[in-house]
Amino acid sequence: MKMTLARWWDSDIGYSFRTSPVAMLAAAIALVCVFCSLFAGWVAPHNPFNLATLELSDARLPPAWSAQGTTKYLLGTDDQGRDILSALMYGARISLVVGLASVALSVVVGVTFGLLAGFRGGWIDAVLMRLCDVMLSFPAILVALLIAGVGRALFPNAHESLAFGVLILSISLTGWVQYARTVRGSTLVERNKEYVQAARVTGVSPLRIMRKHVLPNVMGPVLVLATIQVATAIITEATLSFLGVGAPPTSPSLGTLIRIGNDYLFSGEWWITVFPGAMLVLIALSVNLLGDWLRDALNPRLR
């Protein structure tokens, strides 16, 4: 592990990373957010979703630096007396898990279809690309709203895991198209190169050529696109939760917290919605900055 990290640190990408203050700051912010989210049970000062520990008398308390604030709740409380700081950590974990899982599913489906369309060509390429065109004709958020709404209607009493599965599927349904088109374009270039022709002459099966030879050479753009799409997926999940068709009410994400705070925004309790919104912007911005750096680092023309 240490040898791998050392080789990466001494590589061109590692040099690009350690000489880019923006990339290092974005990575630090992203790591802190991910760490606090994954280990919220140990890092968070309270468990905001444990009903036994909630005190309604502490509802809508301002941040600690305000006149009526208390150091017990550094960022204040919401309408149910939940600690905002702890709710941010638990809510960000849900947003990150849904975002990463939906991007992973989109990558698997999109890369598979893109490789197949670009390598095989013919009617397979035509059918898959027309399917992509159809999917691109629908706004992604409307498709996600439709799938999430239908899933909640069909399974009103479903377990939380099924609800999260429907949410991930609804975000991934249109996300795979960009990966498929990107991989198809790269595969069309790679399949005519000498190393692919040599593999064909030696009798290597098409599936093995796609998996062992073509796939590693088309993953660069996919990694960049996936990094940027993580932020988009997190924002989409927050949008669905804000509209009430996202994460279950018993496990609210950042979008749910923003929706709850929106009801109190104009009554003076600004912190209930401002801090979850700032957390969402911070995560999305750090991931986007990392994606921009990775795009430049993997492009030899920009070195």
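**Cavity, pockets and helices**

Modeller: The largest cavity is lined by D78, I84, A87, L257, I260, G261, I272 and P276. This is a predicted model, where local features need pLDDT of at least 70 and side-chain atom pairs pLDDT 80 or more, while totals for chains, interfaces and linings use all residues. Residues are numbered from 1 along each chain as its sequence is written, and side-chain values use heavy atoms, without hydrogens and water.

Colleague: What counts as a cavity?

Modeller: On a 1 Å grid over the protein atoms alone, a set of points where a 1.4 Å probe fits but cannot get out; a pocket is an open set with protein on both sides within 12 Å along at least five of seven lines, and lining residues have an atom within 4 Å of a point.

Colleague: How many cavities of 30 Å³ or more are there?

Modeller: The count is 1, and the largest cavity holds about 50 Å³ of space. A volume here is the space filled by probe spheres set on the points.

Colleague: Which elements line the largest cavity?

Modeller: Those giving two or more residues are α5, α11 (254–262) and α12. α11 gives the most, with 3 residues. The lining divides into 6 nonpolar, 1 polar and 1 charged. Ala, Val, Leu, Ile, Met, Phe, Trp, Tyr, Cys and Pro count as nonpolar, Asp, Glu, Lys and Arg as charged, and the others, Gly among them, as polar.

Colleague: What about the second largest pocket?

Modeller: Its volume is about 260 Å³. Of its 18 lining residues, A140, I171, T174, G175 and Q229 lie nearest the centre. α8 gives the most to this lining, with 6 residues.

Colleague: Changing topic: how many helices and strands does the chain have?

Modeller: The protein chain has 12 helices and 0 strands. Both are DSSP runs numbered from the N terminus: helices are H or I with at least four residues, strands are E with at least two. The C-alpha atoms fill a box of roughly 75 × 50 × 30 Å along the principal axes.

Colleague: α5 keeps coming up. How far does α5 reach?

Modeller: α5 covers residues 84–120, which is 37 residues, and reaches 53 Å from its first C-alpha to its last. That is close to the 54 Å expected, the expected span being 1.5 Å times one less than the number of residues. G121 follows α5 and has a positive phi, near 70°.

Colleague: How do α3 and α5 pack?

Modeller: α3 (residues 21–38) and α5 pack at about 105°, with axes 8 Å apart. The axes are lines fitted to C-alpha atoms over the stretch in contact, and angles run from 0 to 180 degrees between N-to-C directions. The two helices are therefore roughly perpendicular, a term for angles of 65 to 115 degrees.

Colleague: Which residues make the contact?

Modeller: C33, V34, C36, S37 and L38 of α3, and M89, A92, R93 and L96 of α5. Contact means heavy atoms within 4.5 Å. By class, this contact has 7 nonpolar, 1 polar and 1 charged residues.

Methods: Parallel < 35°, antiparallel > 145°, perpendicular 65-115°, else oblique.
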